[in-house]
Amino acid sequence: MRGIVGGRGLGRVLVGCSFVSYLAEGLDGSAPPRPALEDKIPELKRARQGARERLADPQCLAVLKDFENVNGGRLDQVLRASGRTAQEQLDLLVLESGLGRPLCDRRVSLAFTQVHSRVVSICLRPFTLLRRQEQQAVLIHEMLHSLGLGENPPESTAITEQVLKRCAH
Ligand SMILES: [Zn+2]
């Protein structure tokens, strides 16, 4: 599966990570001060911890070989070049509430971010209704975007399904 090909401008395209995916624009990429969202929502904290544990498994880690970033670099190689582990990349994500944001309010997204962004907006209501392994898969999906994975192609659902295939067992 390939990421979006080419284009520097694509880095600013918002990716809605959902069961029905579409693109929108208009989020500025500035990182807010690290929110205490995970302290308020223990389920989110558990999801990140669970995702972290999954990424310790080489079978799960192999999902990085399944995708490329917007410049055509395989994500496992992109990560290696960064000098970080997948767990450290996951730790970098800043999770914020997407409540009140159109992508959440239209009830089609579970989370959204921008390619190469560490700031991830979580649509809390639908997210908390997911099974635990699906929550973890959504966070790993977002971590892949932080490494430069685009969307459409591959479809949002295809990304999450591949993460589940590799990581949920
Ligand atoms: Zn996505």
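Tutor: A residue is buried if 20 or more other C-beta atoms lie within 10 Å of its own, exposed if 12 or fewer, and partly exposed in between, with C-beta atoms placed from the backbone. This is a predicted model, in which local features need pLDDT of at least 70 and side-chain atom pairs count only at pLDDT 80 or more, while totals for chains, interfaces and linings use all residues. Residues are numbered from 1 along each chain as its sequence is written.

Student: Which residues in α8 are buried?
Tutor: Those buried in α8 are Gln135, Gln136, Ala137, Val138, Leu139, Ile140, His141, Glu142, Met143, Leu144, His145 and Ser146. Because 12 of the 15 residues of α8 are buried, the helix is largely enclosed by the rest of the structure. Helices (H or I, at least four residues) and strands (E, at least two) are DSSP runs, numbered from the N terminus.

Student: How far apart are the end C-alpha atoms of α8?
Tutor: They are 22 Å apart. The expected span is 1.5 Å times one less than the number of residues, so the 15 residues of α8 (residues 132-146) should span 21 Å, and the two values agree. Just after α8, Gly148 has a positive phi of about 110 degrees.

Student: Changing topic, which way do the residues of β5 point?
Tutor: In strand β5 (residues 119-122), Val119 and Ser121 point one way and Val120 and Ile122 the other way; all are buried.

Student: In what sense does β3 pair with β5?
Tutor: Strand β3 (residues 94-97) pairs with β5 in the parallel sense over 4 bridges, where pairing requires that DSSP find at least two bridges between two strands. Val94 has Val119 as its bridge partner in β5.

Student: And in what sense does β4 pair with β5?
Tutor: Strand β4 (residues 109-114) and β5 pair in the antiparallel sense, over 2 bridges. Ala111 stands opposite Ile122 in β5. The hairpin of β4 and β5 has 4 residues between the strands, and His116 there takes a positive phi near 75 degrees.

Student: How many helices and strands does the protein chain have?
Tutor: The protein chain has 9 helices and 5 strands. Of its 169 residues, 41% count as buried.

Student: Where does pLDDT stay under 50?
Tutor: pLDDT, the predictor's confidence in each residue from 0 to 100, stays under 50 over residues 1-11 and over residues 19-28. The protein chain averages a pLDDT of 86, and 82% of the residues score at least 70.

Definitions and conventions: Two residues are in contact if their C-beta atoms, placed from the backbone, lie within 7 Å.
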